[in-house]
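Biologist: I'm new to this one. Can you walk me through it?
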Amino acid sequence: MHRAGTIALTALAPISWGSTYAVATEFLPPDRPLFTGLMRALPAGLVLLAIARTLPRGVWWGKAAALGALNIGAFFPLLFLSAYRLPGGMAAVFGSLAPLWVAGLAVLLLSEKPTVRTLLTGIAAALGVSLVVLRATAALDTLGVLAALTSSASMAAGTVLTKRWGRPEGVGPLVMTGWQLTAGGLLIAPVAFLVEGAPPTLDGRAVGGYLYLALVNTAVAYWLWFRGIGRLTATSVTFLGPLSPLTAAVIGWVALGEALTPVQLLGMAIALGATLLGQGKAAAPKGGPPGQSFRPAEGIDQKDSMDLMGGAVRR
């Protein structure tokens, strides 16, 4: 598959994540963010493990747990906490700083030197998102700001480490996604029950909403996301992140009857432009970082095809 096709498929992940707010407000029980995070992560991870039938080995138990904590277990609760404490979409603004976090971490862990274009594009992405989601009445909350910054940094660190560590020989992105979602879900579970208590009673709409979040919004979306990380640079992938708040704004306009102002439309144009500029083609790597097997950027992994057909076997 050509690079443009890989970018397009990876972009489906943040586009899907942009539907989370609409699904949560229209279908799910109110004020249960941790339970929602748990229902997104753990069932999706268990389904993927059942399909792949492959568990980590050796050092990958620790690596899978670390990646699951950064990308899922810490990211979900911190993201929900910031969204509840920061009004007017301010959490999305801090989340849009992820390309700058990744650019900094990539210097330390991937030896990728950020260019002036990357830094300016990251600033433009944050500016565009802020024009779309911020309201004039938005106010800062110290705990919310810390949660938003930490969630953004957590996801950025998980993205860079996913790129650095690669995957064990013979293991595809589908398996890696199952490992991380399961590990992250197991980390969220005790926090959710401790903070929010017993699970709420679910009606048919809520069950349908959770099924969508677990299967489409999480299992498929994170598989595409981690697959993209393996084929593109970490910076290129993270520049697709602003598509999530932009999708949420469009869904709010189309499905929920929310208005889009000229300032928001300008912000969308800036953020989309930054997303496209962030996909500038990097030089093809000659090999992966220490401990990572080099994998060609084109084509579908044979392991993925086997996993999807249920033919994967324990190695």
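Biologist: Where is L211?
Modeller: L211 is in helix 11. Helices are DSSP runs of H or I, at least four residues, numbered from the N terminus. This is a predicted model: local features need pLDDT of at least 70, side-chain atom pairs count only at pLDDT 80 or more, and totals for chains, interfaces and linings use all residues. Residues are numbered from 1 along each chain, and side-chain values use heavy atoms, without hydrogens and water.

Biologist: Switching to rings. How many aromatic pairs are there?
Modeller: The whole structure has 7 aromatic pairs. Rings of Phe, Tyr and Trp (its six-membered ring) pair if their centres lie within 6.5 Å; planes under 30 degrees apart are stacked, over 60 edge-to-face, the rest tilted. One of the pairs is W17 with Y222, tilted, at 4.8 Å centre to centre and 40 degrees between the planes.

Biologist: Are W17 and Y222 buried or exposed?
Modeller: Both W17 and Y222 are buried. Buried means under 20% relative accessible area, exposed over 50%, partly exposed in between (1.4 Å probe, protein chains only).

Biologist: What sits over the ring of W60?
Modeller: The charged end of K63, 5.0 Å from the ring centre. The rule is NZ of Lys or CZ of Arg within 6 Å of the centre and within 35 degrees of the ring normal. W60 itself is buried, and so is W179.

Methods. Helices (H or I, at least four residues) and strands (E, at least two) are DSSP runs, numbered from the N terminus.
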